[in-house]
Amino acid sequence: MTLLRLRRSGAALVRLLPFLLAGCVASQATTPSPTPTAAPISQLTLRVLVTSLTDLDASGPPLAGARVCAATPRGDERCTEAAKDGTATFTLAPTTYLLRVEGPDATHWMTDERVIDVTGADTAVWVGLPARVRITGVVKSDKGAAVARAQACAHPITRVDIVCARADADGKYTIETRADLYRVDVDGPPGAKLVPQWAGGSAFEDNAIVFDGRTSDVANVDFELTPGVVLRGTVRVAGATIEDAQVCLSTLAAPVGWQCERTDKHGAYAALRVPGDYWVWSLPPDRVRAVGLWYDRVLGGVDATAFDLSSDATLDITLPSGPQITGRVVNEAGEAVSDVLVCVDTAFTSGRICRPSGFDGRYAVTTRAGLTYILSVIPPAGSGYVAEYWDHKHNWTEADGVRLGTADTQVDLVLRRGVIVRGTIKDRRGLPAVSATINFGDPRAVEAAAATDGAGTFEVVVPSGKYHVDVFPPRFPGNLVGREMEIDATGAVEIDIVLEDIAP
């Protein structure tokens with residue numbers, strides 16, 4: 001029986017075999033052949049053009065001999081020198097590289113580092129190196145002692161990349177930065193309670209000396225820092241502390257402007273100042289319905305009392321509520337205009353308050369009751385709207401007054417479009433004339449006016465027409481001469497004005 005079963009099993013196997021073979025053949029016939037894959041890119045070319053960089057961030061002459069290095073994420077680095085035409089060429093495996101470029105003389109050129117993706121195709125990149133300058137000086141106390149670890153910072157006139165350095169044990173500092181025009185300020189080391197200062201002795205950037213580091217190093221930018229005292233406290237409204245309120249101080253010792261501090265999220269502020277007597281004025285942020293307050297708890301500046309800040313002191317301030325001048329700012333087509341500053345002040349200036357319009361054009365200014373106010377608008381830069389007094393008046397003497405009682409008053413404002421006039425005011429060396437004023441009008445009246453910013457630039461919007469222009473030099477440094485000119489402002493105008501030096 002066993003033999004018979006084996007024989008039958010063998011016969012069954014013979015009968016199944018042709019079908020299994022046929023299935024294998026059919027399966028092989030329907031399986032697609034593999035598609036050939038493209039060979040991976042093994043090498044790519046990276047070409048780097050190295051030139052000098054001009055003051056306008058444009059390409060200058062090529063920098064032959066510049067050192068160009070490309071490093072992989074693993075740290076493998078290859079370096080070469082730029083040829084006479086400023087080019088350096090690498091043949092590299094595809095990946096991301098850290099590119100470092102140094103000038104032919106590293107002491108005279110800033111180093112550039114950037115990440116370059118060399119993966120899909122050959123890559124070409126331009127690198128412009130600005131010239132390197134050094135700003136050096138010494139920081140001392142008013143007693144002549146070196147101030148170690150004071151921080152000196154160089155602020156470029158037209159850029160935002162501030163560069164800082166710490167003073168050594170002898171009070172000496174060196175700031176290495178790109179060639180440009182700079183203002184320099186110094187802050188004392190942490191905890192030293194030394195009053196910060198701009199070069200030239202000013203508390204304000206706009207009045208600081210401008211140093212010309214475009215072609216050479218700047219030396220002997222020295223400082224003498226004065227010990228200060230701190231006024232600290234909190235600002236509250238209806239018993240609750242408020243963030244972002246301003247506490248502003250103005251010294252009685254000199255005719256300088258206001259310096260303001262903002263409260264933190266706990267409503268606290270701290271003001272480091274030179275010892276002396278100060279006017280103190282506190283203002284709420286625009287989102288809080290409260291009235292600004294002068295020391296000692298009065299609403300008007302004419303009633304204020306000087307605060308004796310001869311030593312550290314505490315001053316907690318509680319701001320009162322008040323009525324509002326509210327309304328909506330629109331253009332002549334009735335469309336809402338946002339980010340317009342609506343400013344409110346009395347005819348005889350006692351403290352102007354400005355608040356912005358929202359996305360729907362609505363604004364609200366909280367101020368004192370029982371007075372007549374003059375309203376003016378400051379449109380956002382570049383908007384093309386005319387800055388003027390209500391209702392379309394040129395100055396505060398012509399402006400319509402708004403009487404504010406104990407209840408809110410609504411005043412809607414309509415902005416007019418005009419012609420943008422922008423430009424610069426500088427001296428013959430190219431240094432900006434900061435806080436120079438420029439008036440547009442005729443011998444009988446001023447249609448519009450503007451002042452230059454820290455870079456010596458201005459922008460004003462005037463009704464279309466022809467204007468007589470008066471340019472007045474800034475009070476500081478006091479060596480520039482004003483000038484007059486005529487312009488046609490029937491279309492957009494850009495003018496660069498050069499003021500002569502009284503003692504070149």
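How many disulfides does a search of the whole structure find? The search turns up 4, a disulfide being a pair of cysteine sulfur atoms within 2.5 Å. Number the bonded cysteines of the chain in sequence order, and the pairing reads 1-2, 3-4, 5-6, 7-8.

Before the close-ups, a word on the model: it is predicted, so local features need pLDDT of at least 70 and side-chain atom pairs count only at pLDDT 80 or more, while totals for chains, interfaces and linings use all residues. Residues are numbered from 1 along each chain as its sequence is written, and side-chain values use heavy atoms, with hydrogens and water left out.

**View A. Cys69 and Cys79 form a disulfide.** Their sulfur atoms sit 2.0 Å apart, and the link is right-handed, with 115° about the S-S bond. Cys69 lies in strand 3 (residues 67–71) and Cys79 in strand 4 (residues 77–81), so the pair ties together parts that are 10 residues apart in sequence. Strands here are DSSP runs of E, at least two residues, numbered from the N terminus. Cys69 is buried, at a relative accessible area of 1%, while Cys79 is partly exposed at 32%. (Buried means under 20% relative accessible area, exposed over 50%, and partly exposed in between, using a 1.4 Å probe and protein chains only.)

**View B. Here a disulfide joins Cys153 to Cys164.** The S to S distance is 2.0 Å, and with 105° about the S-S bond this link is right-handed. The pair links distant parts of the chain, 11 residues apart: Cys153 in strand 10 (residues 151–156) and Cys164 in strand 11 (residues 163–166). Cys153 counts as buried at 8% relative accessibility; Cys164, at 37%, counts as partly exposed.

**View C. Cys343 is joined to Cys354 by a disulfide.** Look for an S to S distance of 2.1 Å and a right-handed link with 110° about the S-S bond. Cys343 belongs to strand 28 (residues 341–346) and Cys354 to strand 29 (residues 353–356), distant parts of the chain 11 residues apart. Cys343 is buried, with a relative accessible area of 1%, and Cys354 is partly exposed, with 23%.

**View D. Ser310 lies in a loop between strand 24 (307–309) and strand 25 (313–314).** Ser310 is partly exposed, with a relative accessible area of 48%. Its side chain makes a polar contact of 3.2 Å with that of Asp308. (A polar contact is a pair of N or O atoms within 3.5 Å; within protein, one must be able to donate a hydrogen and the other to accept it, and residues adjacent in sequence count only if both atoms are side-chain atoms.) Leaving aside neighbours within four places in sequence, Ser310 is in contact (heavy atoms within 4.5 Å) with Val229, Pro275 and Gly276.

Note on methods:
Helices (H or I, at least four residues) and strands (E, at least two) are DSSP runs, numbered from the N terminus.
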